[in-house]
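Student: I'm new to this one and I'd like to know where the labels come from. Could we go through it together?

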Amino acid sequence: MSLAAAPHGFLSPNGVEIAFLLVGLTTFGAALVTVTTRQLVHAALWLVVALGGLAVEYLLLTAEFIAWVQVLIYVGSIVVLLLFGLMLTKAPIGRSPDADSGNRWAALTVAGAAAAALVWVVVDAFRTTWIDLGGAAAGSTKVTGQSLFQNWVLPFEALSVLLLAALVGAIVLSRKAKADAASPAGGQVPGSRSGQADKEGVR
């Protein structure tokens with residue numbers, strides 16, 4: 001349905017549109033806390049709130065299939081993978097000063113530019129489109145599956161390989177840190193001849 005033919009406009013919101021706005025503000029706040037907190041575990045937990053808020057937004061847009069994919073894949077898998085990586089690398093539980101960066105303003109500039117570009121692209125693509133929030137659910141699993149595995153199968157598989165590489169990297173980093181912590185200072189192995197000679201010299 002076009003915007004001109006819609007029986008109501010943006011100046012007369014209904015309950016679903018108000019809920020969409022409130023959930024969007026909550027999701028934005030959770031995402032902001034995720035990137036500003038210095039506690040890595042808290043960042044992962046706030047990421048759960050942000051991704052769950054996106055799932056609620058999809059439900060309000062009558063995209064139930066995408067909403068449950070958001071819950072299963074992102075909330076149920078990606079966040080678990082992040083927590084698994086934090087546990088493997090033995091990340092600090094409390095506040096970590098290393099979690100902050102001196103490039104905060106550069107990162108903020110890039111994030112603002114990316115957000116502005118994304119908003120402009122979405123608004124330009126759906127400028128004359130009106131989503132009937134009170135009607136039947138738009139789309140189906142068949143149409144979504146065909147679009148995903150015909151047009152987006154390569155990015156989907158590339159993302160899977162990227163996540164696997166991140167998991168392998170976390171395992172490698174954790175084993176390296178464990179090996180460094182197990183080796184004594186100076187690189188001498190306990191019980192070696194050089195270590196015994198040093199002990200005899202001290203005696």
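Tutor: Let's begin with what counts as a helix: a DSSP run of H or I that is at least four residues long, numbered from the N terminus. L83, for instance, sits in helix α3. Keep in mind that this is a predicted model.

Student: How many helices and strands does the protein chain have?

Tutor: Seven helices and zero strands. Reading along the sequence you get α-α-α-α-α-α-α.

Student: Back to L83, then. Why is L83 called partly exposed?

Tutor: Its relative accessible area is 27%. Buried means under 20% and exposed means over 50%, with partly exposed in between, so at 27% L83 counts as partly exposed. As for its surroundings, L83 and V41 are 42 residues apart in sequence, yet their C-alpha atoms are 7.3 Å apart in space.

Student: What makes L72 exposed?

Tutor: L72 is also found in helix α3. Its relative accessible area is 59%, and the cut-off for exposed is over 50%, so L72 is exposed.

Student: Why is α2 called roughly antiparallel to α3?

Tutor: The axes of α2 (residues 40-60) and α3 (residues 64-88) cross at roughly 175° and come within 8 Å. Angles over 145 degrees count as roughly antiparallel, and that makes α2 roughly antiparallel to α3. On the α2 side the contact includes L40, V41, A44 and L47, while α3 contributes residues including Q70, V71, Y74 and L83.

Student: Which classes of residue make up the contact of α2 with α3?

Tutor: There are 19 nonpolar, two polar and one charged residues in that contact.

Student: How do you know that E57 is buried?

Tutor: E57 lies in helix α2. With a relative accessible area of 9% against a cut-off of under 20%, E57 is therefore buried.

Student: What does the side chain of E57 have a polar contact with?

Tutor: A polar atom of the E57 side chain lies 3.2 Å from the backbone nitrogen of G24. The cut-off for a polar contact is within 3.5 Å, so this pair falls inside it. Setting aside neighbours within four places in sequence, E57 is in contact with F20, V23 and G24.

Student: Which backbone atoms do the side chains of T34 and T36 reach?

Tutor: For T34, a polar side-chain atom lies 2.7 Å from the backbone oxygen of A30, and the side chain also reaches the backbone nitrogen of L47 at 3.4 Å. The T36 side chain reaches the backbone oxygen of L32 at 2.7 Å.

Student: Which residues does T34 touch, leaving out those up to four places away in sequence?

Tutor: T34 touches A43, W46 and L47. As for T36, its C-alpha atom is separated by 9.8 Å from that of R104, which is 68 residues away along the chain.

Student: What about the protein chain as a whole: how much of it is buried?

Tutor: Buried residues make up 14% of its 203 residues. The accessible surface comes to about 15000 Å², and 70% of that belongs to carbon and sulfur atoms. Among contacts with a separation of 6 or more, 72% are between residues 24 or more positions apart.

Technical notes: Residues are numbered from 1 along each chain as its sequence is written. This is a predicted model: local features need pLDDT of at least 70, side-chain atom pairs count only at pLDDT 80 or more; totals for chains, interfaces and linings use all residues. Side-chain values use heavy atoms; hydrogens and water are left out. Helices (H or I, at least four residues) and strands (E, at least two) are DSSP runs, numbered from the N terminus. Buried means under 20% relative accessible area, exposed over 50%, partly exposed in between (1.4 Å probe, protein chains only). A polar contact is a pair of N or O atoms within 3.5 Å; within protein, one must be able to donate a hydrogen and the other to accept it, and residues adjacent in sequence count only if both atoms are side-chain atoms. Contact means heavy atoms within 4.5 Å. Axes are lines fitted to C-alpha atoms, for helices over the stretch in contact, and angles run from 0 to 180 degrees between N-to-C directions. Angles under 35 degrees count as roughly parallel, over 145 as roughly antiparallel, 65 to 115 as roughly perpendicular and the rest as oblique. Ala, Val, Leu, Ile, Met, Phe, Trp, Tyr, Cys and Pro count as nonpolar, Asp, Glu, Lys and Arg as charged, and the others, Gly among them, as polar. Accessible areas come from the Shrake-Rupley method with a 1.4 Å probe; for residues, only the protein chains shown count as cover.
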